[in-house]
Number of protein chains: 2
Amino acid sequence: MKKIGSGTYRLANPVDITAQEAIVGKIEKEGPLGKYFTNYSEDEYFGEETFEKAESRMQKEVLNRVLEQSKASPKPIDFVFAGDLLNQCIGSNYSIRDLNMQFFGLYGACSTMAEAITLACMAIDGGFAERSIAMTSSHFCSAERQFRFPLEYGSQRPPAAQWTVTGSGCLLLETGKVGSGCPKVTEICPGAICDMGISDQNNMGAAMAAAAELTIKRFLDDTKSSPEDYDLIVTGDLGHIGHSILVELLAKDNIQAGSNFDDCGKMIFDKNSQDTHSGGSGCGCSATVLAGYILPEMKKGTLKNVLFIATGALMSPVSTLQNESIPGIAHLIHITA
Amino acid sequence: MKKIGSGTYRLANPVDITAQEAIVGKIEKEGPLGKYFTNYSEDEYFGEETFEKAESRMQKEVLNRVLEQSKASPKPIDFVFAGDLLNQCIGSNYSIRDLNMQFFGLYGACSTMAEAITLACMAIDGGFAERSIAMTSSHFCSAERQFRFPLEYGSQRPPAAQWTVTGSGCLLLETGKVGSGCPKVTEICPGAICDMGISDQNNMGAAMAAAAELTIKRFLDDTKSSPEDYDLIVTGDLGHIGHSILVELLAKDNIQAGSNFDDCGKMIFDKNSQDTHSGGSGCGCSATVLAGYILPEMKKGTLKNVLFIATGALMSPVSTLQNESIPGIAHLIHITA
């Protein structure tokens, strides 16, 4: 590992992403990336009795598929890094409780997928692990009742509101194998908390945009690279409004966000035909777009050089009621084909 | 780093704990370790308006004290690893939001202090960081209303219930400096989830005991050491009942838990004079006992060789209502003077 600039880390040996799986719900399947999501359920309960158990079920599904693929090598999986949006991260805790795997529970809100990948890469590049799992999930129904209102209320949603993605993504990360042809993590840039004073929990994209700006700017400065060097610079779940704010903020830094800038929350739903307002959100948003679309496209060679910046809003319903603003965070992963 | 056995990691260079700070509330100050807790508040709000903000305030206090000591060296602090019991970990998110430090949010329930130390050591030993912070907190009043009932109800507590410690602990971990005289982390053994089917959320110690057994047995097997090799083998917050169960479980493994076995939850309150039932619990329990008592005693030379095993119960009030059992986890840190 080599530290570059103020806080970017170039891995000594790129970490291979040797397996990736995504699962989504019905409306994600109906969205623009639907054809990439081969694993989905029409039933929002995923065969379980509650939305929370459904969330764990999704994680179990993608984890089992990844574990199945991991059997191609006899090496054990050293660590699992996982977390989710549910209070006390029960989505993750219950999905892996029967597996007897050494586990690190994370909470990074919707930035959790990038946080998990970052820590898995640090464990692997630092020599502590040969193979690690990074996983997260979110569920529209469990998130609505936990963060906003029970669905039965039929609450009106303002235009800035985002739609929590029902889905889960899981990656297997391994020490680099020459010629394996897998996408590789080459650099990581962990995020710092950034609070712009925004307190509207129906406008999370705005609250997270400055955190994304902070991390993207840091990474570009540290690596002395420019946006044109990448095929795709994709944030996690800023949505339409947050993405516009990010573009404006970057312009003030003299960073021109061109057509290679996108956002998983914008990509996963169709703004015109799906009633999802400012776009997708939730840990599962960036995780499923990464595992279901971006990484498979990198394997095909369509995308070669990607910056993945998952963004998280670190408030709670209690902090919002106590008039606190919403702190944001964004962790960046540089992936090359 | 050298992996030993099934999952213990011996650091290539022991990581120094160069600063540690604890803060506690009134009844912790009145307990058996009171004379060690020089930093405390009679006011359960710690000067803030709500219990949640009080929890963040405690973290800010210990963090600022550690940062003050860190100025002895001009090196920057690379990462903060922190988490707490509050939904969405707002205790930690709000305590560090103004510091512009690269941050990893964790959720390991009451095992969070050991999880944070483990990941900080991995980051340092793996070459990603020279200095990192590990921090956590809990607050009796915020935990009661979040996990059980608002205090205003005056609910009766069963004998197996534990008393969430009001307190916060913070450590500064650094790459080893020869002759610095600080306690050093030499080995780590991350935990796996263990679920014994216990579903009584007023008996957390019982739910976590098997996780502690699993990790302690793994570590002793991996290192081919025996309990007599250590001055103190201290679990996080099993309390009186959980500790007795752990002793029984270890006896079945032919591990005799002698007088060097103890538990932070047993140590922090006086069973006879303080109405705390089965003992202390919460992330702040093991964090304050470690930072306030164990590490200072190691600096004095009273304790030389310590296994610190923080234990976490990974359920939520929602999972309990949905008839789920309580998964436990325990991460082990080997510290030598």
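Which residue just after H7(A) takes a positive phi? Keep that in mind while we walk through this predicted model; the answer comes at the second stop.

**Stop 1: helix H7 of chain A**

Select residues 239–252 of chain A, which make up helix H7.

Now colour the buried positions of H7(A): A:Gly239, A:His240, A:Ile241, A:Gly242, A:His243, A:Ile245, A:Leu246 and A:Leu250.

- helix H6 (204–223) and helix H8 (264–268)
- strand E10 (232–235), strand E11 (261–263) and strand E12 (280–281)

**Stop 2: just past the helix**

Step along to A:Asn254, and there's the answer to the opening question: this residue, just after H7(A), has a positive phi of about 60°.

**Stop 3: strand E8 of chain B**

Hop over to chain B and select residues 184–189, strand E8. Is this strand largely enclosed or largely open? Five of its six residues are buried, so E8(B) is largely enclosed by the rest of the structure.

Next, bring up the strands that pair with E8(B). Strand E2 (residues 8–24) of chain B runs antiparallel to E8(B), joined to it by four bridges. For a landmark on that side, pick B:Asp16 and find its bridge partner, B:Lys184. Strand E14 (residues 327–336) of chain B is also antiparallel to E8(B), this time over five bridges. Here the pair to click is B:Val185 with B:Ile335.

While you have side chains on, a handy reminder: in a regular strand they alternate between the two faces of the sheet.

**Stop 4: where the chains meet**

Zoom out and show both chains. On the interface, 49 residues of chain B contact 49 residues of chain A. On the chain B side, at least two residues each come from helix H2 (51–70), strand E3 (79–84), helix H3 (90–95), strand E4 (102–105), helix H4 (112–125), helix H10 (317–321) and E14. H4(B) gives the most, with five residues. Colour that side by class and you'll get 26 nonpolar, 16 polar and seven charged residues.

**Stop 5**

Key
Residues numbered from 1 in each chain as written. Chains lettered and ligands numbered in written order. Predicted model: local features only at pLDDT ≥ 70, side-chain atom pairs only at ≥ 80, totals over all residues. Buried ≥ 20, exposed ≤ 12 C-beta atoms within 10 Å, placed from the backbone. Pairing = 2+ DSSP bridges. Contact = placed C-beta atoms within 7 Å. Nonpolar A, V, L, I, M, F, W, Y, C, P; charged D, E, K, R; others polar. Expected span 1.5 Å × (residues − 1).
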